[in-house]
Structure formats: structure tokens, C-alpha cells
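The following exercises are meant to be worked through with the sequence and the structure side by side. Try each task before reading its solution.

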Amino acid sequence: MKARILNHDQVLTVVDLLRARGYEVIAPFCRDEESRRDTFFDVVTDDNRAHVRVHVANPFYPPKRYVLPHIERLFRIGTGSGTFDIQPTYEHPKRAIFGIRSCDVAGIWHLDRFYLGREFRDTYYEQRRRNLFLVNVVCSDPNVDIADECFCVCADTGPAARDHFDLQLMDLHDGEFMAVAGTPAGEALFANPVFRKGTEAHVERRRAILSDVRKRFKTTTSWFPATVRYVSQGKILDKTWEEIGNRCLECGGCTYVCPACTCFTVTDRKVGPDEIERVRIWDSCALGGFTRMAGGHNPRKAVHDRRNRRFFRKLAHYFIQRELSMACLGCGRCAAVCHGDVGMPSVVEMIRRAMGETGRLSATAGGEQS
Amino acid sequence: MSAGAENIYLPKLAVLDRVQDEIAEVKTFYWHFEDPEEQRRFGRFRPGQFAQVSVFGTGEFPLSLPPSPTEAQTFFTARQVGSCSGSLHALKPGDQFAVRGPYGNGFPMEDYYGKNLVFVAGGIGLIPLRSCIMYALAHREKFQRIQIFLGARTSRDLMYREDLRRWEQSAGVECHLTVDRADPAWNGHVGVVGSLFKKPGIEVPVDNTIAFVCGPPIMFRFVIKDLLNMGLPERCIVSTLERYMKCGVGKCGHCCIGVAYVCVDGPVFTYEQIKKLGEDI
């Protein structure tokens, strides 16, 4: 991969270059100076360009919505002509996300694997994804970029993405940024004179910063791989899932902020006297109605069954192999929004403790517990 | 949209031809695609597959395919329980709706050639099994014995009566009916469907046998127990699972049990597989 250097005050040139090439550029913004976590992705305009944040706490509402909108129309059904007239509606904007964090880059890659990597390709996702340009910004400022709940180092998705971006920018803290091209489209931007060749010293500086940043995460656990193993092998006792389930308030927040959650529901709605539209809407496995069938039978009645489901779907080996990508990227959003403190890091911790107890119990009982 | 790429969510228009009452709240809907080419393509489905049915303005829902691909007509049988099935029940002959599919793995009927087939259905569990039964009868010479055990709550809850009459009279198939509660109109066996296995004169083959089990969860549990006790291996018991589904193509996530998406990895599973899914069904 090719790398170049550009000056700190020229980093938004990337935004300008993309806008000049006809991209609608999305970038992170901050509501105001005080509310550091009140951040959001929005479309860059001439008016707000100066407020684009390079270092920013990752917004809770993930950039996933640019490839999988919260509510997305699948097709329109005209009812006026005596016959149903089905008209699919596609959107394939030429769009770039500037400042997407490494975890979310891995999130989009996971969605690619899920929606496009299997027998049935999701047409709507494919259309939106085709012209999407990703400018990854490496989280290199531990005080701003890295939230208390971030744990990408454990999920191996950050702080610097290794792949799946078009261009990667990293602050070298000395008035310079390093740009790395991940695709020919990204490399094409290097034709602009703001980019200059770097030296070995720049590469060394990048390595030193990343090495330091890796040590600045507050939420880390070496038990992530062990948890994957226990979940995959069904080693976790129902009692542990019940403890986790007892703390779930069934708000669905974790799934709505998750950059790797893919579930949706589909419904029809009337939008005019002679028109119906079919839409898909994000859905959540945390909600009781997710598996309730017509007639009332619900195979997943208990809250802890639904929690079990979420973590099994995210961590089981089977699914990691199926998508070649894990459905948890360590962004920490679920941990930050969960009122019951059963986001991914806490669940890993609860499982770690429970497995420790199980080990002791089986030693005294002289038998296998699970 | 670029040419060639197929939109997996786009249903094709269909017309309702006629509606037939089966039992209380359950009707059979005979229909055909407006596009004859689509009708031909769809007609190559396998027993046990399902379709996504759209009633515009209400939504889309999965329905099993009760016909066999060896039959000329396409139809659904649905109980009126939710909003979508309610809207389907409100349709009149000539009305338009839409269908996409067929989806799912279906029963690997070719793998069962040369075997005894035992069908055990409870109530509307007969809907998906009807397809296999009709298929097996159309290829009668390919199979050994064919037995049908059908249970219903009362004699008024027995569906596909014409088929039942034909199966009962057919020499090539042993058809046994039972009801949970007798009424004056009924002079057959009374009891749960599993009680038929112990009825004098009935002998269920255990060797070289595939048992198809479909019905409400409670019936399913007891019948499985009976079959296992009789010595049938877990991998020789097959069923089709029902789950809430929104897409039918492995994307919406609703039907995922354990490691399986019922819509693409199922809906047909052996009991050996169902046990490994590790969740209630």
C-alpha cells in the first residue's frame, strides 16, 4: 500500500478533493465544545466544512446507516390503475465517509460479507455500497478519539484498520498526517500536490504512536477469544445467561448502535391515495416480538434466551467462519448505551467470572459442570 | 439498477383463482402467476419448500407449499391468525397479490428412494407434509411402504378431506386417522396421534424408514419420543420448522435458531440437527 504525507492544516483537502469529484461527503461533527460525546455524522456543506472534526469521539449512531438506512424503501406499489404496479426504488449515491473509525470500517466490511457474500446478494445494499468511498481516520489521540468503552484492540479491528478502506489518515502529532491508500481510487488522490513522499522516520513515528495508543485503552480483556470458545461450545451455564438477561431492560439500544447488526423487519405502509410502499426497518433481537409468530407462539420467550441469542450470533465460531468476520468490532457503543451494563465487555467479564467459579465447583465436586 | 442483477425482495404478481374452506379459520387458496414463465419457473419447487406471500398494504409472510411439484395447480393453505393471513383470507377470486420463492432446502425426496415413509401430522401440520405425500404417491414405485398417521382435535378439524378419502381407499398407502375428542359423527380412533402406533393391527416399520413429523410443538415432542422409543434413529426423523420470517433469503435474522437460518438452511431438518440447534422450536 502506498503512503504519503500531508500537512495538518491541509487534511480537509481530502474532503474538498472528494467533493470536487462529485462525492457527497459525510464527516463527523461535534455539537459544541463542552459536550464531547455529542457527536454525529452529517453531510459536509460549504457552510459547515470548517467544523468537520478529525479527532472526535466516535458518534453513537453508526455510519452503517449510509449503506443500511434505518428505514429504507424497497419498492412502491401503485394501486390506481386496477392492477398493482410494483416499482423498485434504488439509491446509489456517489458518497464518501470521511473520518470513519477503524471499528466502523470493519463494520462495513462485516456487512459486505453478510449481505453480499452469500447465495442471495442484497440488491439494495449492493447499490448503496458500490460507490461508497471510505476515508478512515486512525484513532491516535487517546484523550479525544478513544472513549472509555472502546476495545477495538481486543477485537483486532483497531486502532488502525489494516484493510477495507480507500484512504487512511493518521495524525503523526507533529503537524503532519500520514495518508495510506487502500484502493486505486484512494491512491488516485495522491496526484494532488498537497501529498508528498514520506521518509522512514514517518513510518517509525507511526509505529511509535500506535504502540503507545494501544496501551491507552481503558476497557481491555484478554478473555475475548476464550469467550468465543465457550460460547461456541455451549459451555456457558443457563444461570450465567439468566444473570445477563436479568440486567437487560429490553430497550434494543445495543442493536441500534451496533455497526455489525444486520436484522430488519419489513412492512407495508400507505403513502398516498393510490400508493403503498414496502419498507425495511432495523429490528432488534432484544425485543420480545422479534421471534413471536402469528398466533402468539414465541420460541424465545425469556429475556435471557434473547440475550444468549445476541451474543451467540456475534461470537460463535460458526458465524465467524461463515462470514469470515466477527460481528463484534470492539467499538464499545453497546457498553456505552446499555443501562443495565450488559454490553459486550461486561458480558465477557461476567462469563469470565462465571467460568472461574464453574472451574472451582467442578474441582470440588469432582465432575464436569457443563 | 444494472441489468442482470436480481432483486431478491421483489415479488411477482399472482391472481387468486378460487378459495376453498378446509376447517374453521383455515382455507385453501388456488392461484397462478400472471407471468406464465414465472409459473413454470416456480413450478419446479421441491416438497417442503415455502414461499413469501405479499398482500399489498399489509405485508409479506411465509407459507408452506402444500401442493406437490407433480400436481398442476399452485395453492396455499393458511389459517387466519395474524394480520397478513387475515388479509389473505379477505381476498376474493380475481384479486391480485404477489409471491416470491420458492425458498428453503425442501425434503431431499430422491435420498429417500427405496425406503419406507412414515408421515405423522398433527392438525395443520399436514399442510407441508401434503406435498411430500403427493410426491411419494406420484412416484409410488420408488418407495417401500407408505404410512400416514394424522391427528386432529375433532373430526371437524380434519383437513384435505378429499385427499384423505383417496389415501384411505388407496391400496398403496396405509392411512390412519385419530381425533383427540370424539363426537357423534366420528367412529374412528380416539386419542393423540402417538396412540395410533400402539393400536392393534398397526405395525410401524423401523428399519430403512424415514419419519416425517409435523405439528404443534407439544405433539412434536411426544411423537419424537414415541419414534425414538420404537428404535428409529434421530437422523431418520425429519421435520420442517416454522419461524417468524421477513425475507426468506437469510438476511432479516428473525428465523435464525442456533447456527441455522431456517429460511436458507431449513426449513427441513432431521431431528439430529434440530437437537443440535440448542433452542426451543
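**Exercise 1.** In which loop of chain A does A:P159 lie? Describe the backbone there as well.

The model is predicted, so that local features need pLDDT of at least 70 and side-chain atom pairs count only at pLDDT 80 or more, while totals for chains, interfaces and linings use all residues. Residues are numbered from 1 along each chain as its sequence is written, chains are lettered from A and ligands numbered from 1 in the order in which they are written, and side-chain values use heavy atoms, with hydrogens and water left out.

Solution. Begin with the location: A:P159 is found in the loop between α4 (152–155) and β8 (167–171) of chain A, where helices (H or I, at least four residues) and strands (E, at least two) are DSSP runs numbered from the N terminus. Finally, turn to A:D156, which lies in the loop between α4 and β8 of chain A and has a phi near 60 degrees, a positive value in a residue other than glycine. As background, most residues other than glycine have a negative phi, and most peptide bonds are trans.

**Exercise 2.** Which residues gather in a patch of negative charge on the surface? Locate their main source.

Solution. The patch consists of A:D238, A:E242, A:E243 and A:E357; patches are made of residues with over 30% relative accessible area and no salt bridge, like charges being joined within 9 Å, and a salt bridge is a side-chain nitrogen of Lys or Arg within 4 Å of a carboxyl oxygen of Asp or Glu. Helix α8 (residues 238–246) of chain A then supplies the largest share, 3 residues. A:D238 lies in this helix and counts as exposed because its relative accessibility is 54%, the classes being buried under 20%, exposed over 50% and partly exposed in between (1.4 Å probe, protein chains only).

**Exercise 3.** Are the faces of strand β12 of chain B covered or open? Identify its partner strand too.

Solution. Both faces of β12 (residues 237–240) are covered, with B:I237 and B:S239 buried on one side and B:V238 and B:T240 buried on the other. Strand β11 (residues 209–214) of chain B runs parallel to β12(B) and is joined to it by 2 bridges, pairing being assigned if DSSP finds at least two bridges between two strands. Within this pair, B:A211 stands opposite B:I237.

Technical notes. Patch = residues over 30% accessible without salt bridge, like charges linked within 9 Å, V, L, I, M, F, W, Y side chains within 5 Å. Areas by Shrake-Rupley, 256 points an atom, 1.4 Å probe, with all protein chains shown as cover. Lys, Arg positive; Asp, Glu negative; His and termini not counted. Charge placed at Lys NZ, Arg CZ, Asp CG, Glu CD.
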